[in-house]
Structure formats: structure tokens, C-alpha cells
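Biologist: I would like to learn how to read a model like this one. Can we take it feature by feature?

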Amino acid sequence: MSKIEMLGATRRDLLKGAAAAGLAGAFPLPALAQGAPLKVGFMLPYTGTYAKLGKFIDEGFRLKVEMLGGKLGGRAIEYVQVDDESEPAKGTDNMNRLVGREKVDFVVGTVHSGVAMAMAKVAKDTGTTLIVPNAGANDVTRAMCAPNIWRTSFTNWQPCFPMGKVMYDAGHRNVMTITWRYAAGQEDVEALKESFVKLGGKVTEELYLPFPQVEFQALITQIAQKKPDAVFAFFAGGGAVKFVKDYAAAGLRASIPLYGPGFLTDGTLPAQGADAEGIKTTLHYADDLDNPANKAYLAAFKKKVGEEGDVYGVQGYDAAALLGIGLDAVKGDIAAREKMYAAMQDAKIDSPRGPISFSKAHNVVQNIYLREVKGGINKYIAVAHANLADPALGCRVAS
Amino acid sequence: MDLATFAVQLLNGVQYGLVLFLVASGLTLVFGILGVINLAHGAFYMLGAYVAYWLTLQTGSFLAALVGGIAIAFVAGLALESLFIKRLYGRDHLSQVLLSYGLILVLDELRHILFGKDVHSVAPPAFLTGSFKLTDVLSYQNYRLAICAFCLAVAAAIFFVIARTRIGMIVRAGAENRDMTRALGIRSDRVNRLVFATGIALAALAGIVVAPISTVYPGMGDQMLILSFVVVVLGGIGSITGAAIGALLIGLTDTFGQVLFPSFASISIYLVMAAILLWRPHGILGARDV
């Protein structure tokens, strides 16, 4: 087809479209418009290191929609998937593709904090409703917060802040930290220090490795030389497995206890094996939380996906629950955004992780649990901090 | 840092350097002798580790995984050379980069289909599972010491083959002047196939040997590939001795860099590389342009 013909076709389509739009303007057909399916765009990592997390968030979301009868606010849901490859450089383009070309009504994503920041910028500019189902970068619901940006997972600050008290109460006074030198690692260490130092503890040394390096021997030797009371570590995925194993192999597990946010032992226990036993972590979920919502979630997830549900599935599951509450309030009429956001703001969800609600900055307010690795699962021990809200420093919507 | 800690860190640095040498040796062989930039070297390292995981699981024997993994990699190397790589000799580096980058994608997808995307760990052979005390709180795995010994043995074997055997002589001659070697009636294509397959087998071997201390995960080869190139360029392309020196230098720089200058840990090895290339633009023992 030549360029001219293509142009002609486009122009004809344009005219048709304009005519249709004119008609629709003259004779509004609300019933028809509201009957059409809503488009949810998943922008998640479907390949690469975080592929499994992306898959579980996707499945968790669909599972909740199915459990709500396949509809949200009375309207069927259509999905569009974009693989963000955990690549911050492509974040803006991918998000624009969903918003511009695919014309989705909502975007759900993503895992990697750098990509999430790029998505939040586009969402802020275009006004598209964005629900973040994992990425923890504090700024998404702090400096970047907006009426249309929501988060059902956590801020990096949330699981780490309660750890200061846990470690202090365990009698530790001099603590060393070790993590990768990048945003999430540094935000985690800052949150721990905030509570631990206030109580009178001391962080004697902060050790950092370049991301995503996994050669830990030199720094583990340093820990052994300095002999702190305990160590706070944040790593995830393959890095978490290797660190926990190297730490145990160096003989430090017995003499210098290891603590960290839950990601240190979540989704990695089969590979870590006995070397992870006894590690205490804090997170907004535990594998064996004893509440009806969690049991229902775990059973349904297993039936649908064939694998054990985890915290990432829960975050996707709750994203669908939150969107459902907003759409129910406006009976699926997404033009009534103010009313929809007001309903989401007031949402009280009986989540598998316990009761959750939302702060003025639109970040989830939730219990943080202390867990211990026992018999190959992250076993619930106690509530480390009930209904913890992120301080949302620098969010102007919240103040 | 007291003397005991210094000694432990020295050991850490040397051990890391020896592992780097094992990975980089295959790369420098292929790069130096065939003139082929093989970006997929890291992917074969990763596949080696996954095969080690799978074979240990199936047979219960790490030794079987070692032998089986090397054999699989060697055969794969022979096949790849005769199908694809032999078309690359003498062509510009862009086509080589393109092909081997394509190989990375294929191998990664293959890994996904065969082994999934989970993280795994591999148990070392039973007789090496223990550890011994270095200081009052710090232990050192026997397996790490065994890796040191093993890497030294492999290095010695490579040196011996290249310097003392007929095949080594042909390889050196081919690297020096390919056309003249062929004119003298030596079937260099057969030697090339052997060299490439050996390079791939060495990458897989490194992955297998390192698997018990490194854990096995998707993308584990990416960083190793970059470090291997640093080692190869630093040592001088094609020089096995150079690769050994370069690897030890990088291992020690990285270890002591993390301890003494933590803020510069991510760039310390590149600073060393830049400094050495300013001093010797062809690498420490290199003769050709980089």
C-alpha cells in the first residue's frame, strides 16, 4: 500500500471517528459506554531476574477479579501486558505505549523502583490511574505523590523501621549493616537507623557493595573482624541466597545473628536451605498468617496457578481489591474520578496480610510482622508494628 | 587492619582472582587465537552452573556433574563452531558481536525452558563440605581452598598444553600467522574447532566449579562476562600468563578496594585497568592492539 492510500484511509477513519464522536456527543449513550470492558494495563517484568514476581502479581490481580465475579464496578475487565524488563531506561516509553497507543484505563506496575519512578512521572503528567503493586521507592508516595497514584505494596521505609525496635529489644546495641549501594538498600538502612539510633543503639559501620555484585567474602571478613552484636542485611533474589549461604559458611550464623527486611528470605528459602534457619526478618506478610482471608487466598492461588501464593501475589490481589472498591462506588463510570478516588481513600480491605487501609499519600497502611525462618518457611512470630503508615515526607497532597 | 585480617583478605583476593582466571582463560583463548569476540562466554558460564545443578540433582554426584557438564559444553562448542563461528573468522567485530549477542538471547531462553527462572544452590562434593577456623569467629570452607588448588591445576594444564605439546605449537603458530600456517599444510580449521570448543568447555567448567559457592541464578553470567573482558584486556589479549596476572590483580583490587576505599568499590577495578592501559596500551603481556 502506498503512503498516499494509507493517508486516505487514515483520513476516512478520522472522519468516521469524528462523526461517531459528534453523534455520541449529541446523543450520549451512557449505558453502552459503561457496558464496554475496562482496560487494565499490566506493566510488569515478565522476563529477567524479577520475572517470577511479575507473574505472581499478574496472577494475584486476575485471581481477585475472578473472585469478584470477573467484573469490577459491574464492568468486564480486559488486560494488556507489557514486559518492562526491569529496565528504567525503557520505563517512560513503555508507560506511554500503554497510556497513548493502548489507551488503557488503569495501569498496574511494577517491581523495579527505577521503572516505577518513570511510570509515576508519566502518570502524574497524563493523569492516568496508576497502582504500584511492588516497587518500594519511598518517593513514589512521597515527593511524587498525586491523586491518581496508589500503592498496595510498601515503601522501603515500612518493613525496615520496625526492625530497629526488634533488634534493640533483642539486646543488640552495636550493629553493622550491609547492602547494595542503590536506592532501595540505602533507604532500608536509613529506616533502620532512624528507629534503632533513637532508642539508643549504634550503627557502628555501614557496608556497601556495588549493585548487583555478589562477591561478599571481603565484607564478611570485615564483619568477623569487627564482631558487632548483630548484622542487618538487605539483598534480594540470587544475591540474598548467596549472602545467606556465604554468611553461614563463614561460621558467623551462630555468633552474630542476622536480621533484615523480609526480602532476604522470601521466595528464596528452597535454595537457602538450612543456612537460613533462625534468620529473623520483618515484612508485611508471613507465609502462615492465621486469618480466613489468607487461607482463602492461598487455597485459591494454588488452585488457579498451581504454585504456593506469596507476598507478591498478595500485592497484586490487593491492587484488584482496591480498584474494585473505587469502581463499585461509581458503578463503573470512570469519568467520576473524584468520587472513585474518594472511595479508594476510604477503603478498608480485609487482605490476606491482615486489615489494610490507605494514607493521605495513597500508600498502604498495614501491619509489619516479625517472622523467623523455621522448617523452611517464614513463620509468623509477632506483630512488630501495627497499622504502620509511611511518614510521607514531602508529599503535598498529604499535608 | 591487623596482620591476621590482612592475611584473610589476601586469601579472599587470591581465591577470587583464581576463579576469575578460570572464567577468563577460555575467553582469552578464543579471543586471542581465533580473533573472535565471544559475548556469549558468560551465558555458557551460567549454563554450566545450571547443568551442574541439574546433574547433581539427577545423579547425586558432583563429580558426575563436572564430567558430564564439560562433555556437554565441549560437544556444544564443536557444533557451534562448525555451524556458525567458522563463518566469522576474519570478519569485522560487529558481526561477531551481533552473532554472539544473539547466542546470549538463545541460551538464556534455553535456560528458561530447561531449568526455569528460580534461584538454586548446589551442594559441594561430600568430602569437601567441611570448614576450618581462621580466627575465633571466622571459618573458611574447605571447598574454597579446593577451588584454589583446582584453578591452579587447570592453569598448569593450559600452560603445559600450549607450551609443550604439538597441538599447542600449532595453536601458537595459527595465532601468529594464520595464512602461513595453512600454507605449511596444517589443517587449521580442525584446530580452530578444537580451540573454540575448549573455550566453551572452560566457561562451563568455571560455572560448574563455582556453582557451590556462588548459587545458580539467571543473569549470573552477565557480570562475569564484563569482569572476564577486563581481565583479558588487562593481561593482554590471547596471553594466558597475562590473564593469570590480570585476574589476580583484579581479585586483589576488588577485595582490598571494598575494604579500604568502600566509596570507590564500584570503580576501583576500572581505575586500575585505565592506569595499566595508559602504561601498557596492549595490556600487561599483550603484543597486539586492543
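Biologist: Which residue stands opposite Phe234(A) in β9(A)?

Modeller: Thr179(A) stands opposite Phe234(A). First, the ground rules. This is a predicted model, where local features need pLDDT of at least 70, side-chain atom pairs count only at pLDDT 80 or more, and totals for chains, interfaces and linings use all residues. Residues are numbered from 1 along each chain as its sequence is written, while chains are lettered from A and ligands numbered from 1 in the order in which they are written.

Biologist: How many bridges join β7 (174–180) of chain A to β9(A)?

Modeller: Strands are DSSP E runs of at least two residues, helices are H or I runs of at least four, and both are numbered from the N terminus. Two strands pair if DSSP finds at least two bridges between them. Five bridges join β7(A) to β9(A), and the strands run parallel. β9(A) also pairs with β10 (258–261) of chain A, in the parallel sense, over two bridges. There, Phe232(A) stands opposite Tyr259(A).

Biologist: Is β9(A) mostly covered or mostly open?

Modeller: Count neighbours. A residue is buried if 20 or more other C-beta atoms lie within 10 Å of its own, exposed if 12 or fewer, and partly exposed in between, with C-beta atoms placed from the backbone. β9(A), residues 230–234, is mostly covered, with four of its five residues buried. In α9(A), 13 of 13 residues are buried.

Biologist: How do I describe two packed helices?

Modeller: Use the angle between their axes and the distance between the axes. Axes are lines fitted to C-alpha atoms, for helices over the stretch in contact, and angles run from 0 to 180 degrees between N-to-C directions. α6 (166–176) and α8 (188–214) of chain B pack at about 105°, with axes 10 Å apart. That makes α6(B) roughly perpendicular to α8(B) (65 to 115 degrees).

Biologist: Which residues of α6(B) meet α8(B)?

Modeller: Contact means C-beta atoms, placed from the backbone, within 7 Å. Ile170(B), Val171(B) and Gly174(B) meet Ser188(B), Val191(B) and Val195(B) in α8(B).

Biologist: How many residues does each chain give to the contact between chains A and B?

Modeller: Chain A gives 31 residues and chain B gives 29. α8(A) gives the most to chain A's side, with seven residues.

Conventions: Two residues are in contact if their C-beta atoms, placed from the backbone, lie within 7 Å. Angles under 35 degrees count as roughly parallel, over 145 as roughly antiparallel, 65 to 115 as roughly perpendicular and the rest as oblique.
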